[in-house]
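My notes follow, in the order I made them.

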Amino acid sequence: MPPTPLDVRCETIAGKRVLFVMAIEDEYGPHLRSRFTPLMTGVGPVEAAITTGLALHRLHDAKMLPDLVVSLGSAGSRACELGEVYQVASVSWRDMDASRLGFAKGVTPFIDHPVDLPLHAPLKLPSVRLSTGANIVGGDDYASIDADMVDMETFAIARACQRFAVPLAGLRGVSDGPGELNDMLGWTQLLALLDERLAVAVDLLADALGPSHR
């Protein structure tokens with residue numbers, strides 16, 4: 001079970017409250033552990049939305065909302081380099097399709113949001129478009145997805161952040177994508193490397209959030 005919102009903890013970086021959000025312990029290696037304690041949501045958009053929303057609600061009631069939420073972890077991609085870390089420029093929701101009723105694919109009916117939801121991008125890293133959905137993507141699935149990377153949580157976290165007017169940044173390391181994804185090893189074999197490289201990206205936040213970047 002993921003931690004309850006009682007376990008939520010914001011870090012202080014350059015005088016700003018920053019809440020780090022991850023899905024599961026497998027992606028939280030020793031390099032990231034030495035830098036922050038994240039809110040763990042569990043896997044998928046439903047778990048991410050519930051856990052993030054509850055955590056932000058509790059922080060709101062305590063008048064301790066973060067200045068920034070950072071969603072980070074692994075991602076799949078056939079367009080981005082395996083093992084590299086990218087900043088998320090925008091995120092979309094590939095599960096939502098109400099096009100039979102005249103809504104654009106990816107847009108929630110009767111809610112005013114674009115197909116690609118822009119995120120805060122404070123770092124000097126390559127920025128790419130991300131697609132969130134409840135399915136594990138592999139093989140030919142990529143051909144039908146209009147994005148550079150895929151994950152299972154960021155769009156849900158973004159919607160929770162919008163409810164509380166908190167900016168969200170996304171950092172994702174590419175764990176898989178080339179070829180078919182057939183088992184857990186295809187996902188986990190690069191997580192140790194991504195832990196190290198995501199930690200380097202997290203270290204860039206201090207300069208990015210400093211006084212000269214307000």
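I counted a salt bridge where a side-chain nitrogen of Lys or Arg is within 4 Å of a carboxyl oxygen of Asp or Glu. The model is predicted, with local features needing pLDDT of at least 70, side-chain atom pairs pLDDT 80 or more, and totals for chains, interfaces and linings using all residues. Residues are numbered from 1 along each chain as its sequence is written, and side-chain values use heavy atoms, leaving out hydrogens and water.

**Charged pairs.** My rule gave eight salt bridges. One of them joins Arg-197 to Glu-84, with the closest N and O atoms 3.0 Å apart. I then checked burial (buried is under 20% relative accessible area, exposed over 50%, partly exposed in between; 1.4 Å probe, protein chains only). Arg-197 is partly exposed at 33%, and Glu-84 is partly exposed at 28%.

Next I looked at Arg-172 and Glu-153, whose side chains meet in a salt bridge at 4.0 Å, N to O. Are these two buried or exposed? Both Arg-172 and Glu-153 are buried. I also found Asp-116, Arg-129 and Asp-146 joined into one network by salt bridges that share partners.

**Nonpolar packing.** For a core I took buried Ala, Val, Leu, Ile, Met, Phe, Trp, Tyr and Cys residues joined through side-chain atoms within 4.5 Å. The largest such core has 29 residues, and Leu-19 and Leu-56 are among those touching the most other members. Beyond four places in sequence, Leu-19 has contacts (heavy atoms within 4.5 Å) that include Val-8, Leu-39, Leu-56 and Val-70.
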